[in-house]
Amino acid sequence: MNDSRNKTSVIPKFVYALAGVAYVAGYLAMRYAAIPSDPKSVDWPEGGKVLLSLFIPLIIVGYILLIGYVYGDAKRRLMRAWLWTLLAIFIPNAIGIILYFLLRDPLPFYCSKCGASVKSAYTFCPNCATSLRPTCSQCGRGIERGWAYCPHCGAAVTGQNRAAPQAGSPTSQPL
Ligand SMILES: [Zn+2]
Ligand SMILES: [Zn+2]
């Protein structure tokens, strides 16, 4: 289940459809509206006009796919996808997109018991309460395997938590 989820495209299908429509519309607008109305382009060879009409819409398509990626990637990272999509669209000079890539959350875990997506910072599954990582017996916060002492409260980690993985440990952390 986890593998098939990772293999599916991050960009939603409707974004590809939108990009296709935008490309065709962009080509027609360039070829039959923008270029003919530009007095400087009157003397251009016909082939040059076609090439320019084919090329300019590619920039728009790339921009749409990038915003579609922000939406799909924010969604699988359990972030507020629409908020980030709007920021990506409306903050000029692609600064919203750059901010997204700087600030995005790590990919979530998948709970081994119920399969729910769980933010990587969580210690317990919010859906079924399965423990996703070893916890400190003193303060109850999440710790990593192999640690001798809890970094939150300083208690010595007991042998049980330092040994074999627990039943509810995360099954994978895709990159
Ligand atoms: Zn669960
Ligand atoms: Zn502790």
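In what order do the elements of the protein chain run from the N terminus on? The order is α-α-α-α-α-β-β-α, and the protein chain has six helices and two strands. Helices (H or I, at least four residues) and strands (E, at least two) are DSSP runs, numbered from the N terminus. This is a predicted model, in which local features need pLDDT of at least 70 and side-chain atom pairs count only at pLDDT 80 or more, while totals for chains, interfaces and linings use all residues. Residues are numbered from 1 along each chain as its sequence is written, and chains are lettered from A and ligands numbered from 1 in the order in which they are written.

Of the 175 residues of the protein chain, 14% count as buried (20 or more other C-beta atoms within 10 Å of the residue's own, with C-beta atoms placed from the backbone). The largest nonpolar core comprises nine residues: A19, I64, I67, V70, Y71, A74, W84, A88 and Y100. Such a core is a set of buried Ala, Val, Leu, Ile, Met, Phe, Trp, Tyr and Cys residues joined through C-beta atoms within 7 Å. Helices α3 (46–76) and α4 (81–90) each supply at least two residues of this core, and α3 gives the most, with five. Apart from this core lies another, of six residues, among them C111, V118, C125 and L132.

C150 is found in the loop between β2 (117–118) and α6 (159–162). C150 counts as buried because 21 C-beta neighbours lie inside 10 Å. Leaving out residues up to four places away in sequence, C150 touches C136, Q138, C139, I143, A155 and V157 (contact: C-beta atoms, placed from the backbone, within 7 Å).

Notes:
A residue is buried if 20 or more other C-beta atoms lie within 10 Å of its own, exposed if 12 or fewer, and partly exposed in between; C-beta atoms are placed from the backbone. Two residues are in contact if their C-beta atoms, placed from the backbone, lie within 7 Å.
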